[in-house]
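Colleague: I am new to this structure. Could you show me how to read it, feature by feature?

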Amino acid sequence: MSVNVVTSLNVKSHDDPDEKRRPDKSEIDLVTVGDYTIGRFTFAPGWRWSECIKPGVGTDSCQNNHVGYCVAGTLEVHLTNGETATITAGSSYTIPPGHDAWVVGDSAFVGLEFLSAASFAKPD
């Protein structure tokens with residue numbers, strides 16, 4: 001396991017992010033603190049990676065590694081190998097490359113992402 005070292009004190013608000021990305025039905029608010037980019041991902045009801053993000057990135061499935069925490073809502077994840085998982089509020093998660101995902105129900109999914117934020121939904 002790698003060791004991360006924090007060498008300075010940094011505080012930023014996702015309400016005033018360093019970068020905003022706004023693909024269809026998506027709000028991706030990014031802040032960089034020290035050497036880390038952290039994202040707040042908000043996906044509206046009806047959001048699906050293959051419909052909302054795929055057109056901008058051009059891959060058949062999401063190729064990001066995700067490590068995150070679900071603040072609100074529900075996200076269904078299907079890996080290309082057939083494995084599935086449901087992420088709900090209060091859950092921490094890891095998702096490997098090669099997946100599709102979509103919001104379940106009438107509430108937005110809100111997740112904090114610690115690994116893929118810098119590259120997620122960034123056009124090639």
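This is a predicted model: local features need pLDDT of at least 70, side-chain atom pairs count only at pLDDT 80 or more; totals for chains, interfaces and linings use all residues.

Colleague: Understood. How many helices and strands are there in the chain?

Modeller: The chain has 2 helices and 9 strands. Next, read their order along the sequence. The pattern is β-β-β-α-α-β-β-β-β-β-β. The radius of gyration is 14 Å, close to the 14 Å that the globule rule gives for 124 residues, so the chain is as compact as a globular protein of that length.

Colleague: What does the C-alpha trace span along its principal axes?

Modeller: About 40 × 35 × 30 Å. Now turn to contacts. Take those with a separation of 6 or more: residues 24 or more positions apart account for 59% of them.

Colleague: And what share of the residues is buried?

Modeller: Buried residues make up 37% of the 124 in the chain. The chain exposes about 7100 Å², and carbon and sulfur atoms supply 51% of that area.

Colleague: Let us move to charges. How many salt bridges does the structure hold?

Modeller: There are 6. To read one, look at the atom pair, then at the cover over each partner. Arg 21 and Glu 19 form one of them, with the closest N and O atoms 2.9 Å apart.

Colleague: Is Arg 21 buried or exposed?

Modeller: Arg 21 is buried, because its relative accessible area is 7% and the buried class lies under 20%. Glu 19 counts as partly exposed, at 34% relative accessibility.

Colleague: Which side chain meets Arg 22 in a salt bridge?

Modeller: That of Asp 29, at 2.9 Å from N to O. Arg 22 counts as partly exposed, with 42% relative accessibility. Asp 29 is buried, with a relative accessible area of 4%. Asp 29 also forms a salt bridge with Arg 40, where the closest N and O atoms are 3.2 Å apart.

Colleague: Where do Asp 29 and Arg 40 lie?

Modeller: Asp 29 lies in strand S2, residues 26-33, and Arg 40 lies in strand S3, residues 36-43. The pair therefore ties together parts that are 11 residues apart in sequence. Arg 40 is partly exposed, with a relative accessible area of 22%. Now follow the shared partners. Salt bridges join Asp 15, Arg 22, Asp 29 and Arg 40 into one network.

Colleague: What does His 14 touch?

Modeller: Leave aside residues up to four places away in sequence. His 14 then touches Asp 29, Val 31, Ile 38, Gly 39 and Arg 40. Two of these names, Asp 29 and Arg 40, belong to the salt-bridge network. His 14 sits in the segment before strand S1. His 14 counts as buried, at 16% relative accessibility.

Colleague: Which backbone oxygen lies 3.2 Å from a polar atom of the His 14 side chain?

Modeller: The backbone oxygen of Ile 38.

Colleague: Which side chains make polar contacts with Glu 76?

Modeller: The side chain of His 78 makes one, at 3.4 Å. The side chain of Thr 86 makes another, at 2.6 Å. Glu 76 itself belongs to strand S5, residues 74-79. Beyond four places in sequence, Glu 76 touches several residues, including Thr 84, Asp 100, Trp 102 and Val 104.

Colleague: One last stop. Where is Ser 116 found?

Modeller: In the segment after strand S9, whose residues are 109-113. Ser 116 is buried, with a relative accessible area of 2%.

Colleague: Which residues is Ser 116 in contact with?

Modeller: Set aside its neighbours within four places in sequence. Ser 116 is then in contact with Phe 41, Asn 64, Asn 65 and His 66.

Note on methods:
Residues are numbered from 1 along each chain as its sequence is written. Side-chain values use heavy atoms; hydrogens and water are left out. A salt bridge is a side-chain nitrogen of Lys or Arg within 4 Å of a carboxyl oxygen of Asp or Glu. Buried means under 20% relative accessible area, exposed over 50%, partly exposed in between (1.4 Å probe, protein chains only). Helices (H or I, at least four residues) and strands (E, at least two) are DSSP runs, numbered from the N terminus. Contact means heavy atoms within 4.5 Å. A polar contact is a pair of N or O atoms within 3.5 Å; within protein, one must be able to donate a hydrogen and the other to accept it, and residues adjacent in sequence count only if both atoms are side-chain atoms. The radius of gyration is taken over C-alpha atoms; the globule rule is 2.2 Å times the number of residues to the power 0.38. Accessible areas come from the Shrake-Rupley method with a 1.4 Å probe; for residues, only the protein chains shown count as cover.
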